[in-house]
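The sequence and structure are shown first.

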Amino acid sequence: MSDITIIFLIIAVAVVLFVSNRLPVVVVAMAVGLSLWATGLLSLPDALAGYGDPAVMFIATLFVVSAALEKTGVTAWAGQLLIEKAGEDSRTRLLVLMMSLGALLTAIISLNGAIAALLPVVVVIAVRLKRNSSQLLMPLVFAAHAGSLLALTGSPVNVLVSEASRDAGHAGFSFFEFALVGVPLLIGTMAIIVLFGEKLLPFRNGASMPADFSRHAQTLIEQYGLSSGVFRLRVKASSPLAGTSRDAMADLGAEHGLELVAAQDGKTGMPLRRETLAEGDYLILKGDADAAARLAAGAHLALREEADVGEGGNTLFNRSSGLAEVVIPPRSGLIGTTAFPGMVTESGDLIILSIQRAGTTVDGGKTELQAGDTLLLQGTWKALDERLADPDVLVVNSPELVRRQAVPMGPGAKQAVVILLAMVVLLATGIVPTAVAGMLAAGAVVLSGIMNVENAYRAINWTTVIMVAAMMPLSTAMEKTGAAQLMAEHLVSAVGGFGPYALLGGLFVLTAVLGQLISNTATALIVIPIGVASAKVLGMSPEPVLMSTAVAAAAAFLTPIATPTNLMVMGPGGYAFGDYWKLGLPLMIWFFVVATFFIPFVWSF
């Protein structure tokens, strides 16, 4: 049995296993690499080379940068902006804005980077608007494929065809020249998705979709009776309360019919540990609005600038501090201990705002905690993250998950945006290789304190990374055995005699078919020299052939293994292997029309 026959058998078995979905895709992918070694097609180093490929490292680092944007609330801000502009009821407006953003970002930072950054945003939008993620994620990726033709930096293939044009004696394609074909591709892609996407895509969600925490704070505040009559007042320099004790402040509040919930340090936002108040400290009071206004006027206290009077949500839940609900579990060491609203926890950085037993708020002063009691805690986000790992309490909802959705542009957001922009500049200018740009960005995320090393590891989708790495050697094997070259030569010899349009069509089919199985970059490297040679034989310019090859390489729609981004959305979108071709096929037909019949009008034969 020849090497070419063996590799075709390996590909056929792999495709059957992928389609049947009986084995995890990562297992099938790893089996492909091992099969290439076991059959002698590749040496062991070559069969495992994908695991050390720079592109794989770049994809892994993009997950870290994406997680940093999500953790700091940048993605929450982008999601809120998208919802605000699109509206909650307009599917068309939401799709158009989402696909436009994905395409533009792809043109700047490449397909993998754009999807890694926008994936969590779209998932949160699907949860918030109660839409199926499968109706949004594939349109995002397919529009980004079209967006990769908007600029030279959109895809490595664009760089390859531009260099090939120069090598053939032409000027090469300029940075934005790709947009001449990219714009009609994107418009047609968006039109097909808007008109037919709802019918061609399944109605599913991923196996584990995040909860919608957009109104989490308001829900907690209403549940614990803090939705109105809660005020945060700042001690001014002229206030007679500066220098007085917290007990004296509590007594003064009681005289006005107000309850002192907590006192916070003005510099840190943490519970006040000093015995006396100072300028800039905050007092959280509960009671009548008129009484709070009289106290503020008489004692020279300023209402918190960024909150409206009586809005407990803004007062207790904001960019610097948040809320968390915990339950006292059986056998907890806290059972039998005394607690009361306004009490500062033993760690000194959290405040107990309210206590409930059997769903009813415990009124009065001190109470002994029992199993099943729920406590509403308030403190800085850092304190909530660090202290609630205590085994004596069970956290109802992770503060980190709540903050990611509900606090747009939270702590660390500016640093995350700067890191993203710096990575974009490095990628756009090509000062350093893409893998280096990604590693520098991921390193900056850790060094800036946005994420620690452990969280960075957890942020990486290892299934995607291993899948991409395991499948890369297939490209090497197809080139080494001559299988890809054989396919290309037969196809070109079959259609080359029918004229330039037939050549463009034949090269598109070849590139598109190979691109569903192996890397589009590897596919382009195989097809580009054959296309240029065929153009010389027919006496035509290589420019339309090269641009058509770039378009065909971007038409990777039919399988989840066609590109890493197709695979990225497979889990969150709840897609099966066979879902891709249903929407992908009409899009591929559109790309074929543009590549075969439109391109010659821009770059003549």
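The model is a predicted one, in which local features need pLDDT of at least 70, side-chain atom pairs count only at pLDDT 80 or more, and totals for chains, interfaces and linings use all residues. Residues are numbered from 1 along each chain as its sequence is written, and side-chain values use heavy atoms, with hydrogens and water left out.

Helix α4 covers residues 54–71, which is 18 residues. From its first C-alpha to its last, α4 reaches 26 Å, close to the 26 Å expected at 1.5 Å a residue; the expected span is 1.5 Å times one less than the number of residues. Helices (H or I, at least four residues) and strands (E, at least two) are DSSP runs numbered from the N terminus. Of the 18 residues of α4, 14 are buried, so the helix is largely enclosed by the rest of the structure. Here buried means under 20% relative accessible area, exposed means over 50%, and partly exposed lies in between (1.4 Å probe, protein chains only).

**Salt bridges**

The structure holds four salt bridges, each defined as a side-chain nitrogen of Lys or Arg within 4 Å of a carboxyl oxygen of Asp or Glu. Three of these pairs are described here.

| Pair | N to O distance |
|---|---|
| Arg-204 and Asp-579 | 2.5 Å |
| Asp-373 and Arg-357 | 2.9 Å |
| Glu-454 and Arg-458 | 2.5 Å |

The side chains of Arg-204 and Asp-579 meet in a salt bridge. Arg-204 belongs to the loop between α9 (179–200) and α10 (216–223), and Asp-579 to the loop between α24 (564–568) and α25, so this pair ties together parts that are 375 residues apart in sequence. Arg-204 is partly exposed at a relative accessible area of 32%, while Asp-579 is buried at 5%.

A salt bridge also joins the side chains of Asp-373 and Arg-357. Asp-373 lies in the loop between β9 (367–368) and β10 (374–380) and Arg-357 in strand β7 (residues 350–357), so the parts tied together are 16 residues apart in sequence. Asp-373 is buried, with 1% relative accessibility, whereas Arg-357 is partly exposed at 25%.

Glu-454 and Arg-458 form a salt bridge within helix α18 (residues 453–459), where they are four residues apart and thus separated by about one helical turn. An α-helix has 3.6 residues a turn, so residues three or four places apart point the same way. Glu-454 is partly exposed at 45% relative accessibility, and Arg-458 is exposed at 62%.

**Nonpolar patch**

Which residues make the nonpolar surface patch of about 560 Å²? They are Tyr-501, Trp-581, Leu-585, Ile-589, Val-593 and Phe-597. Patches consist of residues with over 30% relative accessible area and no salt bridge, with like charges joined within 9 Å and nonpolar side chains (Val, Leu, Ile, Met, Phe, Trp, Tyr) within 5 Å. Helix α25 (residues 580–602) supplies the largest share of the patch, five residues. Val-593 lies in this helix and is partly exposed, with a relative accessible area of 34%.

**Overall architecture**

The secondary structure comprises 25 helices and eleven strands. Along its principal axes, the C-alpha trace spans about 100 × 50 × 45 Å. Of the 605 residues, 53% are buried. Among contacts (heavy atoms within 4.5 Å) with a separation of 6 or more, 78% are between residues 24 or more positions apart. The accessible surface comes to about 25,400 Å², of which 62% belongs to carbon and sulfur atoms.

Methods:
Accessible areas come from the Shrake-Rupley method with a 1.4 Å probe; for residues, only the protein chains shown count as cover.
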